[in-house]
Amino acid sequence: MCGFDGVGSLFEKLRHGFQPPGASLAEIEECETELGIILPDDYKAFLRVSNGFNDEIGRGYLVVWSIQELALAAGYDMFELQERRFLIGSNGGPAAYGIIDGNYISIPFVFAGPWEDEVRVLGGGFEEFIMAIENGEGW
């Protein structure tokens, strides 16, 4: 399971919202190439187990887009898609989740000023990101 199975409690915590089957390595690599992005290894490991996620987790709600849905994120005008800056999902409401330079972030879909002022870092890795959502920190 590409390393994700080493995080047993996280795996069990998320199992209820898994979107099986997981994405293949070829699908992940094709997505990265087509979008010109680099997905973090921990995020790729999750996608290999579950090609997306959609459910409550603790005090938050998490929608993680599938590999196929990631391509649609390029259409959001929030900020220009770049190699290390892209969206990966939402809270099912007003907040988007993304990755900027390896940090998992939350940003409102609609904001008043520069998008940089609206970014909230939720964690430096996938597990920290999930814990932040679980604690209700994802807006």
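Colleague: Which residues of helix α2 (residues 25-35) are called buried, and what makes them so?

Modeller: In this predicted model, I28, C31, E32 and L35 of α2 are buried, a word that stands for under 20% relative accessible area, whereas exposed stands for over 50% and partly exposed for what lies in between, with a 1.4 Å probe and protein chains only. Helices here are DSSP runs of H or I with at least four residues, and strands are runs of E with at least two, numbered from the N terminus.

Colleague: How do you know that these residues lie on the same side of α2?

Modeller: They cover an arc of only 95° around the axis, so they are on the same side of α2; the arc is that of the directions from the helix axis to the C-beta atoms. An α-helix has 3.6 residues a turn, so residues three or four places apart point the same way.

Colleague: What covers the buried residues of α2, and which exposed residues does the face turned away carry?

Modeller: The cover includes α3 (41-49) and α4 (67-70), while the face turned away from the buried side carries the exposed residues A26, T33 and E34. Just after α2, G36 takes a positive phi of about 70°.

Colleague: How many helices and strands does the protein have, and what share of its residues is buried?

Modeller: There are five helices and six strands, and buried residues make up 46% of the 139 residues.

Colleague: What should I keep in mind about the numbering and the values?

Modeller: Residues are numbered from 1 along each chain as its sequence is written, and side-chain values use heavy atoms, with hydrogens and water left out. Local features need pLDDT of at least 70, side-chain atom pairs count only at pLDDT 80 or more, and totals for chains, interfaces and linings use all residues.

Notes: Contact = heavy atoms within 4.5 Å.
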